[in-house]
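This briefing sets out selected features of one protein chain for computational work. Please consult the sequence and the coordinates shown here alongside the notes that follow.

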Amino acid sequence: MSLNSETSRSAKAESATSQAALRVRAHWLVSLLLVALSAAGFWLFSRGFLLTRMVLPDHSLPSVLPFQSAPGTPESVGPDAALASEWYPAKYERAIILVVDALRVDFAMWSDELNSTFGTAGGVSGSQHIGRLMPYHNRLPAIAALSRERPDQSMLYRFRADPPTTTLQRLKGLTTGQLPTFIDAGSNFAGSTVDEDNWLQALRRPPIGIINGTKAARSHNLVFLGDDTWISMFPNELSDTQATETNDTLQKSRTGWARVRPFPSLNVWDLDTVDDGVLSRLPMFLLPPESENKSEIIRKEREQWRQLVKQPHMWEHSDFNEMTQANSMVSDKVGHAQLHHEWDMIIAHGLGVDHCGHRFGPDHSAISHKLAQMNTAIELIVNAIDRDDKPTALYVFGDHGMDNKGDHGGDSPREVDAGLWIYSNRKWHSKESDERTARVLRNAQELISSNALGSSFDQDLKESWWRNTHLSDDYKSASGEHLFEAPELRSVSQIDLVSTLSLSLGLPIPFNNLGTAIPEMFASDNDSSAEWGLLSVLRLNAAQVLRYIEKYVSNSRSHGFTDDALRLWNDMYNQAEDSYRELADAIGQNPKNRRQPHIRELEERVAAEYFAFTRMVLGSLRQMWAQFDPVLILAGLGTLVLSIAALLALYAQSRLRSLDIIIARAGWPCISGGIAGAVVFRALSSVFVSSGLSHMTSLDATVAGLAMGAAATFCVALVSDSKASTFAFVPQLQWLAVTPATVLNVVAAVATIIHCLAFSSNSFTFNEDSIVLYTVQTLVLATSLLSVRAILSSSAGPKRASGTRALVCSLLILVLNRTLAYSTVCREEQLSACTPTFYGAPSASISTVYLAAANVVMVWLVPST
């Protein structure tokens with residue numbers, strides 16, 4: 001009997017141990033499932049929202065062309081063989097880049113119809129702007145006059161930016177040719193510093209060496225004036241050499257000299273300091289020294305430059321102290337004559353227009369004054385380069401636009417549509433070359449639109465002309481009709497400037513560039529004995545883009561490119577190369593054949609194929625790197641919601657039964673649901689990708705299907721259990737009783753949810769201070785009411801005393817919060833409707849005297865330990 005009893009106890013102990021082990025395993029399985037679901041949701045959401053690309057450390061060299069030629073051919077030689085000195089013969093020896101921050105495209109245009117209709121003499125009856133021209137229109141007449149007088153030396157473009165339209169991201173794209181992303185995965189952890197290949201690095205790169213008695217790549221002398229954002233991005237490239245020029249290191253002969261004068265850019269209330277710093281120093285480089293040229297024309301222009309500077313104290317800077325040579329722009333080895341004659345590039349970045357938008361908005365007279373100032377500066381720069389005997393190009397552009405409130409950073413049309421005006425003291429395009437360019441662009445447009453992938457691209461990639469609706473939208477009749485037709489304009493992407501600027505100066509295109517050279521710049525390079533300039537440039541550009549794609553794929557296993565996209569890109573490039581060889585065979589050994597009409601037509605067709613290839617790559621990568629993926633974002637959010645639902649259902653069931661029973665009943669449905677979800681999502685992913693809604697990979701589709709399918713079936717399996725409903729325990733919950741604690745919990749939860757939802761709207765984000773004050777005061781008020789209830793419901797004792805203390809504390813908090821609200825610090829977006837009281841003045845950065853005195857008093861009042 002005792003033996004049987006002992007055996008029974010042993011069996012029960014083993015059963016209890018087995019059940020305990022089973023419960024532990026069930027606990028771990030459930031925990032891993034919930035963690036995996038949450039991790040999958042966050043990963044999918046980040047794939048769609050936190051756009052990421054890998055930064056390649058490679059650099060383009062002038063001695064290595066990007067073509068994939070067979071070993072031993074001239075195009076595949078390495079740096080130790082017969083080196084090439086440049087990818088394309090330099091068109092210009094000098095370049096001036098004038099960045100007018102926030103120069104929207106309609107700011108740069110001129111309309112005679114607009115001037116006559118809405119001039120000061122009167123307006124049209126029923127107009128919204130009777131007798132009034134918008135303060136930012138027709139304020140740059142110099143651009144219109146020069147484009148009309150010298151059409152073969154200038155051209156105005158719509159300069160389309162990729163969002164986000166912040167200055168730092170735009171400057172990065174304008175120098176590297178890359179698209180902006182939230183995360184650039186690479187070796188750079190130094191904040192905003194740009195390490196990837198860019199034309200500034202190529203410009204400052206030391207010469208390669210001597211080839212056949214001549215320098216393969218000469219040194220370049222650089223001048224930078226303006227926004228200090230450039231310095232934070234390019235600290236090495238924009239390093240002033242004035243101090244080192246006094247040494248015996250002969251810095252000038254190695255990389256050229258540099259003059260760098262940055263000015264602070266964060267004070268948006270200051271409209272003049274940065275612009276005055278730029279305009280006061282430009283004459284040092286554009287005008288000859290007084291000792292060299294004392295003509296009346298130069299004297300008048302020097303005076304005009306001086307009158308452009310608004311702040312007289314700017315002239316007190318040591319740069320203008322010619323008596324103390326060590327503190328002025330000159331050095332022992334670079335004097336005034338060298339500063340004028342030997343510079344190769346000037347970068348000038350003014351911020352007045354942008355700051356006008358932030359401070360007042362575009363519809364303010366201040367912006368017309370800043371644009372007029374820039375207009376005079378453009379006239380004086382053009383006068384200077386017209387006198388120069390060296391071929392010089394002037395690029396005037398905005399890094400972004402601004403919306404109707406003067407803000408930028410988003411992707412609205414007025415924020416992304418900047419203006420670009422190119423001028424040169426040499427003819428660089430003609431009517432004939434423009435006609436050939438138009439045929440190339442239209443052929444490329446047909447090639448892109450005929451492709452299923454290309455048909456989903458934005459219009460600015462498929463179409464090369466655009467009607468400036470920003471100009472016409474500002475002038476409507478009372479019924480909402482446009483009063484005149486929007487003018488048509490050539491449209492280019494901002495990153496197209498990178499390859500255009502590089503090749504026109506004889507520099508290699510940066511390795512990571514995705515832009516396409518602006519065709520008009522090279523279409524007139526048509527020597528009868530040489531290849532058509534535009535065709536040569538587009539072939540170089542296409543080979544560089546393909547080289548980048550292949551390098552990216554080989555360096556990144558998770559590159560995200562679909563097999564169909566890679567196959568399409570290779571097919572398009574190979575087709576263009578086959579057409580190029582066909583063209584070469586047609587020309588044969590007789591260069592005169594290039595003049596034949598059928599040969600010129602074939603050249604245009606081949607150029608269109610190269611152009612279409614680069615645009616197809618850009619459009620595909622823009623969808624991956626510069627555009628949110630709504631399908632992945634929704635899949636991630638859906639997975640997170642389902643994981644929370646699964647957690648709640650699991651919590652409800654765990655109050656009624658053990659986890660091992662729950663796993664036994666819901667495990668297999670969860671697995672089968674995950675498999676079914678993966679199959680369905682894999683099938684749907686091809687539809688999403690082909691329609692342009694998503695760029696998800698097979699891995700993305702598999703993870704989304706597994707996670708959502710598993711979570712959904714897990715919830716259904718728990719909720720549909722008929723023997724014990726998931727919510728059978730709800731009536732037994734103690735916390736559902738109406739008590740003060742319950743009310744406070746509900747109010748706190750609602751306040752937290754409202755605060756979270758506020759971030760889904762820009763307007764609520766801009767006014768977060770008011771929203772937080774409102775929610776906190778509401779919560780404290782609820783506490784006060786409950787305290788009053790506690791006081792009234794008890795006659796005496798600890799409960800009444802605690803209620804009294806809670807009421808006093810609540811009222812004190814209400815008063816302190818309201819008092820605190822009177823001290824304000826305004827965001828940029830609030831400046832027009834918000835007055836900062838924390839600082840002594842709107843443009844100051846120090847506290848008021850009263851606030852400082854209050855802080856001193858608080859030091860004595862607050863007890864110390």
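Helix α12 (residues 352-359) and helix α13 (residues 365-387) have axes that come within 9 Å and cross at roughly 175°; axes are lines fitted to C-alpha atoms, for helices over the stretch in contact, with angles from 0 to 180 degrees between N-to-C directions. The two helices, α12 and α13, are therefore roughly antiparallel to each other, a label for angles over 145 degrees, where under 35 is roughly parallel, 65 to 115 roughly perpendicular and the rest oblique. The model is predicted, so local features need pLDDT of at least 70 and side-chain atom pairs count only at pLDDT 80 or more, while totals for chains, interfaces and linings use all residues. Residues are numbered from 1 along each chain as its sequence is written, and side-chain values use heavy atoms, with hydrogens and water left out.

- On α12 the contact is made by G352, V353 and C356, and on α13 by A366, I367, K370 and L371 (contact means heavy atoms within 4.5 Å).
- By class, this contact of α12 with α13 has 5 nonpolar, 1 polar and 1 charged residues (Ala, Val, Leu, Ile, Met, Phe, Trp, Tyr, Cys and Pro count as nonpolar, Asp, Glu, Lys and Arg as charged, and the others, Gly among them, as polar).

**Sheet**
- An open sheet of 9 strands runs in the order β8-β7-β9-β2-β10-β11-β3-β13-β12, with mixed pairing (two strands pair if DSSP finds at least two bridges between them; strands are DSSP E runs of at least two residues and helices H or I runs of at least four, numbered from the N terminus).
- Because β8 (258-263) and β12 (465-467) at the edges each have a single partner strand, one side of each is left without a neighbour in the sheet.
- From one strand to the next, the twist averages 20°.
- Strands β7 (residues 222-227) and β9 (residues 345-350) pair in the parallel sense over 5 bridges, and V223 stands opposite I346 in β9.
- Helix α9 (residues 273-286) packs on the sheet, where it touches β2 (94-100), β7, β8 and β9, and its direction makes about 160° with that of β9.

**Helix α22**
- The 25 residues of α22 (residues 630-654) should span 36 Å at 1.5 Å a residue, which agrees with end C-alpha atoms 36 Å apart (the expected span is 1.5 Å times one less than the number of residues).
- D629 caps the N-terminal end of α22, with a side-chain oxygen 3.1 Å from the backbone nitrogen of V631.

**Backbone in loops**
- The peptide bond from P163 to P164 is cis, with omega near 5°; P164 lies in the loop between β3 (154-160) and α5 (167-176).
- A102, in the loop between β2 and α2 (105-108), has a positive phi of about 70° although it is not a glycine.

Conventions:
A polar contact is a pair of N or O atoms within 3.5 Å; within protein, one must be able to donate a hydrogen and the other to accept it, and residues adjacent in sequence count only if both atoms are side-chain atoms.
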